[in-house]
Amino acid sequence: MAHNAQAAPGGPTKLVIRNIGLVLSGLLERPILDADTIVAIDGKIAAVGRAKDVDTEGATSIVDARGVAVAPGLIDSHVHPVAGDWTPRQSQLNWIDSSMHGGVTTMISAGEVHMPGRPRDVVGLKAMAITAQRTYSAFRSGGVKLHAGAPVIEQGMVEDDFRDLAEAGVTLLGEIGLGGVKDGPTGRKMVAWARKYGIQSTIHTGGPSIPGSGLIDMDVVLECDADVVGHINGGHTALPDEQIRCICESCRRGLELVHNGNERAALFTLRTAREMNQLDRVILGTDGPAGSGVQPLGIIRMIAMLSSLGGVPTETAFCFATGNTARLRKLDCGIIEPGRAADFVFMDRAQHSAGKTLLESVALGDLPGIGMVVIDGIVRAGRSRNTPPATVIPEQVL
């Protein structure tokens, strides 16, 4: 099993990324920046612009991008971790590290529901959530930042339980509907308690996915009013189109599209959000590891699918897995601008793609080749072991 990520350097650090061919910002309102250089100091972005306009002196690390694209590190808004970098559902190790090789630098737990013998009593579920929050704060496989400790709510919880969780550092609720709460009024009460204490909620949407879960339809989703409509395209079974449209039109919450869901329903949701001029609500996850397995390339596959079949520009599709998620989830990453975490993925068109540029190749449905991943200003991986080979690979020269 992979162990803790490479330790941060002992002193001040200054990373300079030069010769960038394309900077994808993660911002829908301005997805491409006029820049060829990024400077990060002590793990935070300090400057973005043209080389002549930024201070590159005193670098402790230099990456020559060699003309490739740089985007914010991708965010997987929906994962189900269990213990370290192991998943019992697939009996597989190193799925988090493999996802990093797919450009993912941050993950959000939607509940540690695959833990063997998962406790269903209130004391046990709180204890497990706090343990997950603590362990994944201390353990970062490949450097990936995994926000975990997302309790699946059960009948019998009271307001004090949510206060206890918040005081212990828990900031997430697992998918409503995967535990003992499946009715809207009870779910809404618990969402309100969670929101009162700064805990963000996600609701399971669609048909059942694990033993003990059940159908969560439009009425329950709207009644609960969770912060994120989890896998609105089904995980795996999607709701009927008319229910998906009604959810989109009747609330302003996040619309999460996942790799482990119904692709046709994902495209329908995207078209609906676009018609409503509300693409800022669209975020991406994998819903893995689950019955469909581990999907290290799940997020970039979703980006390629939505770009090639969904009628949105590639640079916009990248925002769904970066800036949109960062803003909705209140994260300090996902956007290339000063003050944000220095998390980056370096990409170029895959070798022999029909597309002549990165954006064109992804718009044609090809996955990009990933040549480097940086997390908190530290190079965590070179050429990806999972993506198709990139045409050009960046180089760390210092």
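Which residue just after H4 takes a positive phi? That residue is Gly198, with a phi of about 75°. Helices (H or I, at least four residues) and strands (E, at least two) are DSSP runs, numbered from the N terminus. This is a predicted model, in which local features need pLDDT of at least 70 and side-chain atom pairs count only at pLDDT 80 or more, while totals for chains, interfaces and linings use all residues. Residues are numbered from 1 along each chain as its sequence is written, and side-chain values use heavy atoms, leaving out hydrogens and water.

Let's look at helix H4, which covers residues 184-196.

Now follow the chain to strand S15 (residues 254-258), where five of five residues are buried. Gly254, Glu256 and Val258 point one way, while Leu255 and Leu257 point the other.

S15 also has neighbours to meet. Strands pair if DSSP finds at least two bridges between them. Strand S14 (residues 228-229) runs parallel to S15 and is joined to it by two bridges, with Val228 opposite Gly254. On strand S16 (residues 282-285), which pairs with S15 in the parallel sense over four bridges, Gly285 stands opposite Val258.

Terms used: The expected span of a helix is 1.5 Å times one less than its number of residues. Buried means under 20% relative accessible area, exposed over 50%, partly exposed in between (1.4 Å probe, protein chains only).
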